[in-house]
Amino acid sequence: MISGVFHFISENFSQALYLSWEHMWIVGVALLISAAAGIPLGLYVAGHEEIASPIINGANIIMTIPSIALFGIMLPLLSPINLGLGKIPAIIALILYSQLPIIRNTFTAIKNLPPDLVDAADGMGMTRWQRLKEVEMPLAAPVIIAGLRTAAVMNIGIAAIAVYIGSGGLGVYIQQGIDRFYPEMILSGALLVSVLALIVDGIMAWLERAATPEGIKIQRKLMQ
Amino acid sequence: MITYESVTKIFGSGRNAVTALDNLNLTIPKGEIVVLLGPSGCGKTTTLRLTNRLEAITRGNIYIDNQNIMDVNPVQLRQRLGYVIQAIGLFPNKTIADNISIVPRLMGWEKNEIEKRVDEMLQLVNLDPGIYRNRYPAELSGGQQQRIGVARGLAADPDILLMDEPFGAIDPINREQIQNEFLRLQAKLKKTIAFVSHDIHEAIKVGDRIALFDKGKLVQYDIPEIILTQPKNKFVADFVGADRALKVLGLMRVSDVMNRHPENILRADERTENALHFLKEKGFRYGIVIDGTMPAGYVTQATLSYEKGIVAGLAEKYPLFLKERTSLRDVLSFMLMYDLPLFCVLDDNENFTGTVTYKDIQQAVKESYAD
């Protein structure tokens with residue numbers, strides 16, 4: 001069985017590579033857009049706490065919708081503009097799912113900064129933007145990237161299911177394998193999805209470390 | 001100069017309204033340190049935060065050098081006022097140099113000007129620029145971090161400094177030292193400083209004046225000696241403590257009370273019978289034996305009457321000598337420790353310049369309460 005899986009992958013290597021690339025493309029585009037939306041939203045919410053719980057709860061509710069159901073809901077909604085099937089609805093769904101970890105982590109990271117630092121920044125005459133750029137973002141970056149990491153790994157899994165609305169990607173092997181009673185094919189798809197998830201997780205973990213300011217690393221080392 | 005004119009700050013509204021500061025009238029004169037002192041929640045920190053507009057004034061006006069702060073853009077106002085808070089206010093992601101240079105950078109100084117300034121500021125607070133410039137706050141001790149905090153507040157050379165319990169997070173021994181450094185710095189720089197503290201010792205030590213707050217009201221505004229000797233009411237008296245006579249002594253130096261021409265002086269080569277006769281005639285119980293320009297010790301009438309020879313051999317040595325800048329609080333402590341009613345004062349060249357007795361100290365305390 002295992003050798004069958006490797007056999008299948010080596011037989012269809014270039015196709016497997018293409019599907020992996022397609023898979024990553026969907027996840028990557030979705031992640032970029034959701035970061036561009038979720039991080040500013042998280043920052044805004046951190047400054048306006050009265051709207052924090054409705055927004056975070058909203059993102060939470062979206063998370064609880066099963067992916068198949070979400071694709072099902074989007075089909076009639078997006079069909080009138082001819083986008084019911086294909087990569088676009090898949091990306092939209094992934095963006096929606098990503099919002100919770102990204103917004104929540106951004107919000108928490110900013111809220112957990114020592115209030116004295118914010119006070120010092122304001123008191124020395126930084127504008128809001130300067131405070132964000134020089135103090136809040138550098139210190140919050142690792143936690144925000146951790147949110148992106150959660151979103152990315154989760155979306156690699158969800159993207160496999162998006163094959164049912166014609167998104168392509170590694171889900172193709174899983175779907176076709178089921179249709180054809182071809183276990184090696186199903187497992188190949190599943191294996192490649194896992195490998196992708198591990199690689200992306202590793203890259204994001206590295207990014208998280210790289211984004212940690214030098215002074216904070218030293219602080220942690222000295223506190224041990 | 002900072003002027004507070006009927007300044008009131010109310011937090012919240014309706015039933016939840018809290019008056020944090022009630023009709024404050026106060027002037028902080030140019031070049032002086034005014035300590036805003038009081039228990040927590042008394043309005044001292046609020047006063048500071050109103051000054052750089054971190055909080056908004058509810059009623060009244062604040063003027064800085066006769067300019068109403070409401071006429072200045074808050075960001076520019078804050079860049080003009082140095083701001084020093086407890087050590088934690090250093091940005092952990094920035095190097096020491098970057099922390100110090102924040103305000104100059106915000107104000108758009110040239111790069112090489114900033115670098116020069118950073119080194120200057122580090123030297124000013126006694127830290128070697130070569131060692132500390134590129135370190136991070138986490139690598140510094142609490143006392144060093146606080147020095148950086150002060151350097152950061154001074155970096156853009158503001159005329160006015162707002163300090164919010166700047167030395168509160170430091171252990172007592174280091175605090176004493178950093179307060180001394182701070183005072184030396186201020187003697188040179190002559191900044192106008194509003195200094196928030198809850199520590200009466202610190203207030204007496206660093207303050208040219210003390211503004212004592214209670215429940216949002218300014219209770220008494222005076223120089224430390226007056227606060228200690230003439231507390232306006234029970235609150236002030238309780239706050240400065242029952243030992244306020246001792247605290248007054250902490251403010252006074254040997255030079256304020258010393259006797260520069262004591263009469264009970266004996267030459268070292270004087271014979272005992274002559275010395276005894278001299279002391280009896282003048283009515284002194286003991287004499288100070290001077291050998292050249294140095295006090296060799298003291299002799300009592302009792303010793304002189306039993307021994308023969310010259311007095312030098314009989315003199316009891318003093319355990320220590322005072323300097324003119326020694327505080328009277330320390331002198332009194334020496335008197336109690338060594339059970340001696342008199343100590344000799346030497347100048348920096350070890351020459352005898354006078355004496356301080358227990359009576360001199362008592363007299364000084366009495367006088368400070370009399371005015």
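**Figure 1. Helix H7 and strand E6 of chain B each supply at least two residues of the lining of the second largest cavity.** The structure shown here and in the following views is a predicted model. The volume of the second largest cavity is about 50 Å³. Its lining consists of 11 residues, and those closest to the centre of the cavity are Ile85(B), Gln86(B), Leu90(B), Gly149(B) and Arg152(B). H7(B) provides the largest share of this lining, with 4 residues. By residue type, the lining of the second largest cavity divides into 5 nonpolar, 5 polar and 1 charged.

**Figure 2. The largest cavity is lined by residues that include Met124(A) and Arg78(B).** Rolling a probe the size of a water molecule over the atoms shows where empty space is left. In this model, 3 cavities of 30 Å³ or more are counted, and the largest has a volume of about 60 Å³. Among the residues that line the largest cavity are also Gln79(B), Leu81(B), Gly82(B), Tyr83(B) and Val103(B). Further members of the lining include Arg152(B), Gly153(B), Ala156(B) and Pro158(B). In chain B, helix H2 (74–80), strand E6 (81–84) and helix H7 (142–154) each contribute at least two lining residues. The largest share, 3 residues, comes from E6(B). The lining of the largest cavity comprises 6 nonpolar, 3 polar and 2 charged residues.

**Figure 3. Two arginine residues of chain B place their charged ends over aromatic rings.** The charged end of Arg152(B) is found over the ring of Phe91(B), at 5.1 Å from the centre of that ring. Arg152(B) also belongs to the lining of the largest cavity. In the second example, the charged end of Arg135(B) lies over the ring of Tyr132(B), 5.5 Å from the ring centre.

**Figure 4. Ring pairs join Tyr298(B), Tyr318(B), Phe321(B), Phe334(B) and Phe343(B) into a cluster.** A pair of aromatic rings is described by the distance of the centres and the angle of the planes. Over all chains, 10 aromatic pairs are counted. One of them is the tilted pair of Tyr298(B) and Tyr318(B), with 5.1 Å from centre to centre and 45° between the planes. This pair links distant parts of the chain: Tyr298(B) is in strand E13 (residues 294–300) of chain B, whereas Tyr318(B), 20 residues away, is in the loop between helix H15 (301–306) and helix H16 (328–338). Tyr298(B) counts as buried because its relative accessibility, 18%, is under 20%. Tyr318(B) is likewise buried, with a relative accessible area of 9%. Phe343(B) is buried, and its relative accessible area is 0%.

**Figure 5. Gly177(A) is located in helix H8 (residues 171–180) of chain A.** Gly177(A) has a relative accessibility of 0% and therefore counts as buried. When residues up to four places away in sequence are left out, Gly177(A) touches Val172(A), Tyr182(A), Met185(A) and Ile186(A). Ser98(A) is 79 residues from Gly177(A) along the chain, and the C-alpha atoms of these two residues are separated by 28 Å.

Key: Residues numbered from 1 in each chain as written. Chains lettered and ligands numbered in written order. Predicted model: local features only at pLDDT ≥ 70, side-chain atom pairs only at ≥ 80, totals over all residues. Heavy atoms only, no water. Phe/Tyr/Trp six-rings, centres within 6.5 Å; stacked < 30°, edge-to-face > 60°. Buried < 20%, exposed > 50% of the residue type's maximum accessible area, 1.4 Å probe, protein only. Lys NZ or Arg CZ within 6 Å of the ring centre and 35° of its normal. 1 Å grid on protein atoms, 1.4 Å probe; cavity = no way out; pocket = protein on both sides within 12 Å on 5 of 7 lines; lining within 4 Å. Points joined across faces, edges and corners; volume = space filled by probe spheres on them. Nonpolar A, V, L, I, M, F, W, Y, C, P; charged D, E, K, R; others polar. Contact = heavy atoms within 4.5 Å.
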